[in-house]
Amino acid sequence: LTREEFKEFFTDTFARRIAALLGAHLLTEKIIVPATAMGFNILAEHLQMLKRLDNMLTSTKLEGTGKDIVKRKLKQVVTNKAVRKLVPAVGPILNVAAAGAVMNRLKVEMHLARALDTSDVDPLRT
């Protein structure tokens, strides 16, 4: 191969692929994961998850001694004032972690890279 042939091959194949992978990574990490985390946060707030858990623990009687122990421990955690103050601060961080895990599991970044890749030969599809 001459230098010009290599340059043409590289730009046609690898440069576009690298740009697609970089774009997909940035799009996923900077936009999709935070937007999903915000959605999780809004959903949890809308459904009033902490209040529902508190109501469930105070209004129902779980059967069995093992379940009673779990119920008591959960009730102690939910009714703890420090935990109630900590949840609004830690909740969004946990939502970001959950959103990142969902995006990784669904392989969103790879699907975006495939969609953004315009090269003729695409080993990402194998």
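Q: What separates phenylalanine 6 and phenylalanine 10 in helix H1?
A: About one helical turn, because they are 4 residues apart in H1 (residues 3–47). An α-helix has 3.6 residues a turn, so residues three or four places apart point the same way. Helices (H or I, at least four residues) and strands (E, at least two) are DSSP runs, numbered from the N terminus. The model is predicted: local features need pLDDT of at least 70, side-chain atom pairs count only at pLDDT 80 or more, and totals for chains, interfaces and linings use all residues. Residues are numbered from 1 along each chain as its sequence is written, and side-chain values use heavy atoms, with hydrogens and water left out.

Q: How many aromatic pairs does the whole structure hold, and why is the pair of phenylalanine 6 and phenylalanine 10 called stacked?
A: The search finds 3 aromatic pairs. In this one the ring centres are 6.1 Å apart and the planes stand at 25°, so the pair is stacked. Rings of Phe, Tyr and Trp (its six-membered ring) pair if their centres lie within 6.5 Å; planes under 30 degrees apart count as stacked, over 60 as edge-to-face and the rest as tilted.

Q: What makes phenylalanine 6 and phenylalanine 10 partly exposed?
A: Buried means under 20% relative accessible area, exposed over 50%, and partly exposed in between (1.4 Å probe, protein chains only). Phenylalanine 6 has 48%. Phenylalanine 10 has 35%. Both values fall in between, so both residues are partly exposed.

Q: Why is the pair of phenylalanine 9 and phenylalanine 14 called edge-to-face?
A: The centres are 5.8 Å apart and the planes are at 80°, so the pair is edge-to-face. Phenylalanine 9 is partly exposed at 43%. Phenylalanine 14, at 36%, is partly exposed too. Phe6, Phe9, Phe10 and Phe14 form one aromatic cluster.

Q: Are aspartate 117 and arginine 17 buried or exposed?
A: Aspartate 117 has 7% relative accessibility, so it counts as buried. Arginine 17 has 6% and is buried as well.

Q: Which residues of helix H5 are buried, and why are they said to line one face?
A: They are Val108, Leu112 and Ala113, in a helix that spans residues 108–116. Seen down the axis, they fall within an arc of 135°, so they line one face. The arc is that of the directions from the helix axis to the C-beta atoms.

Q: What makes lysine 107 exposed?
A: Its relative accessible area is 55%, so it is exposed. Lysine 107 lies in the loop between helix H4 (81–106) and H5. Its phi is positive, about 55°, although it is not a glycine.

Q: Which helix has the highest mean pLDDT?
A: H5 has the highest, 94, and helix H2 (residues 49–59) the lowest, 65. pLDDT is the predictor's confidence in each residue, from 0 to 100.
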